[in-house]
Amino acid sequence: MTEMTPGKLARELGIDKQAMFKSLSDCGIPRVRMGAHLTDAQEATLRRFWKSRRRPESRSIPVRATMPLKTPATPPTRDWPRTCPCCQRRWVHRGGEDVATTVCIECEGHRSLNGEDDARRLARAESHAALYWRDRAVAHEQFRALHGERQQAYRKRAKWRAALVEVVLDHDEEEGTEGLCWCGQAYPCRTWRRLEEANKGIHRQVERWSSWNSDQLADFLYDEDGRDDEPSGQGA
Ligand SMILES: [Zn+2]
Ligand SMILES: [Zn+2]
Ligand SMILES: [Zn+2]
């Protein structure tokens, strides 16, 4: 059996030698050299002392709390596209992992079984028919809502377009001025040039509209729908 010394104990416990030396007097052990032999009782006292000292210390350093977790406790959630093998309808499963493909919640009660009777097959067919009707109604409602939004967007755009066209077409060659816009600049004036700089495509369109007669243009610009369909026989 090897004899224990304060130096060996410090090494074993991973304690600074200076701290171990100081702890000797805390434990009522006369300060001895680090290489001096300790009695079993002294060794036990020192071990108890350092055990009681270390516990609160190790608690006071919340290493785990300060270190980023290497692997997240729960996998990140994502969308898993699923198709029901019974009704073929699709849905999205949101979760950490893709669970094994099962029938959708609507089909749980009527899924196909081995040796099933006609009544079960009929019940399944009727249930699917009801689901498809319901889906159809939902799709129709969504279409209506989106169509409404689109019409509203067209109308908004038409208002901006009409305002822009009114302003630009107003800058026209004044009769009897030999190529001058009413604003005093050579035609096409700065308003037209500025539009061309800003957007060549819109400039081209406004140029085309400038050749329409005012009734046709008003019909087009202030059409309720605000769509792009130009009157037949117009445009390039
Ligand atoms: Zn289903
Ligand atoms: Zn089904
Ligand atoms: Zn002008």
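Predicted model: local features only at pLDDT ≥ 70, side-chain atom pairs only at ≥ 80, totals over all residues.
I counted the secondary structure first: the protein has eight helices and two strands, where helices are DSSP runs of H or I with at least four residues and strands are E runs of at least two, numbered from the N terminus. Along the sequence I read α-α-α-α-β-β-α-α-α-α.

Residues are numbered from 1 along each chain as its sequence is written, while chains are lettered from A and ligands numbered from 1 in the order in which they are written.

Next I looked at burial: 6% of the 236 residues count as buried (20 or more other C-beta atoms within 10 Å of the residue's own, with C-beta atoms placed from the backbone).

Then I turned to the α1 and α2 pair. Helix α1 (residues 6–13) packs on helix α2 (residues 17–26) at about 125 degrees, their axes 9 Å apart; the axes are lines fitted to C-alpha atoms over the stretch in contact, and angles run from 0 to 180 degrees between N-to-C directions.

Who meets whom? I found P6, G7, L9 and A10 of α1 meeting K17, M20, F21 and L24 of α2, a contact being C-beta atoms, placed from the backbone, within 7 Å.

Within α1, I noted P6, L9 and A10 as buried.

Technical notes. Contact = placed C-beta atoms within 7 Å. Buried ≥ 20, exposed ≤ 12 C-beta atoms within 10 Å, placed from the backbone.
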